[in-house]
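Hi,

Here is the structure I promised to pass along.

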Amino acid sequence: MMRTLTIAALAATLALTGCSTMPIYEAKPADVRIQLLGMGKPGMCVGGTHYQLPVTEEKGIRTVRVPTGNRVMLWSTMVFQGYNVMSSCQPLLAFVPAAGHSYVSNAGLTDGKCFIELVREDSLRATGVAPEPTLQRPKC
């Protein structure tokens with residue numbers, strides 16, 4: 001009994017100190033692709049569960065896969081180091097990925113502020129991308 005209480009207390013302490021980790025999302029065949037530009041360490045939240053997103057890199061192009069049909073909150077954890085300065089931020093956005101589409105997300109630091117943006121790839125447009133109509137206020 002005492003051992004069980006000790007283990008429970010240790011687990012609670014670790015959870016409160018931030019030592020717990022998010023599960024790694026396991027992509028499914030029906031998931032859509034997001035090409036990452038900039039972006040530090042990506043993560044997402046779907047249905048109230050936070051996930052680390054594993055990044056695939058091929059020929060210098062970094063991508064992640066996310067599920068379709070439900071709102072996905074996407075973020076990037078970034079750390080920047082400069083002369084005697086270290087900054088970190090975690091910009092985020094939410095959208096509803098649609099089957100059959102692919103996306104491009106960019107995140108970084110500009111004018112001392114973090115940003116994240118997302119567009120839908122669209123081969124019918126001169127630029128190859130279109131605004132994502134489902135962008136929403138981040139919430140999970």
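Strand 1 (residues 32–38) runs antiparallel to strand 5 (residues 61–66), and the two are paired over five bridges. A quick word on terms: strands are DSSP runs of E with at least two residues, numbered from the N terminus, and two strands pair if DSSP finds at least two bridges between them. Within this pairing, Gln-35 has Thr-63 in strand 5 as its bridge partner.

Before you go further, note that this is a predicted model, where local features need pLDDT of at least 70 and side-chain atom pairs count only at pLDDT 80 or more, while totals for chains, interfaces and linings use all residues. Residues are numbered from 1 along each chain as its sequence is written, and side-chain values use heavy atoms, with hydrogens and water left out.

Strand 5 also pairs with strand 4 (residues 56–58), again in the antiparallel sense, this time over three bridges. Here Thr-56 is bridged to Thr-63 in strand 5. Strands 4 and 5 make a hairpin with two residues between them. If you look at the turn, you'll find Lys-59 there with a positive phi of about 55°.

**Now the cysteines**

How many disulfides does a search of the whole structure find? It finds two, counting a disulfide as a pair of cysteine sulfur atoms within 2.5 Å.

One of them joins Cys-45 and Cys-140, with the sulfur atoms 1.7 Å apart. Cys-45 sits in strand 2 (residues 41–46) and Cys-140 in the segment after strand 11 (129–131), so this pair ties together parts that are 95 residues apart in sequence. The link is left-handed, with -75° about the S-S bond. Cys-45 is buried at 1% relative accessibility, whereas Cys-140 is partly exposed at 46%. For those words, buried means under 20% relative accessible area, exposed over 50%, and partly exposed in between (1.4 Å probe, protein chains only).

The other pair is Cys-89 and Cys-114, 1.6 Å from S to S. With -85° about the S-S bond, the Cys-89 to Cys-114 link is left-handed. Cys-89 counts as buried at 17%, and Cys-114 as partly exposed at 28%.

Number the bonded cysteines in sequence order and the pairing comes out as 1-4, 2-3.

Cheers

Conventions
Helices (H or I, at least four residues) and strands (E, at least two) are DSSP runs, numbered from the N terminus.
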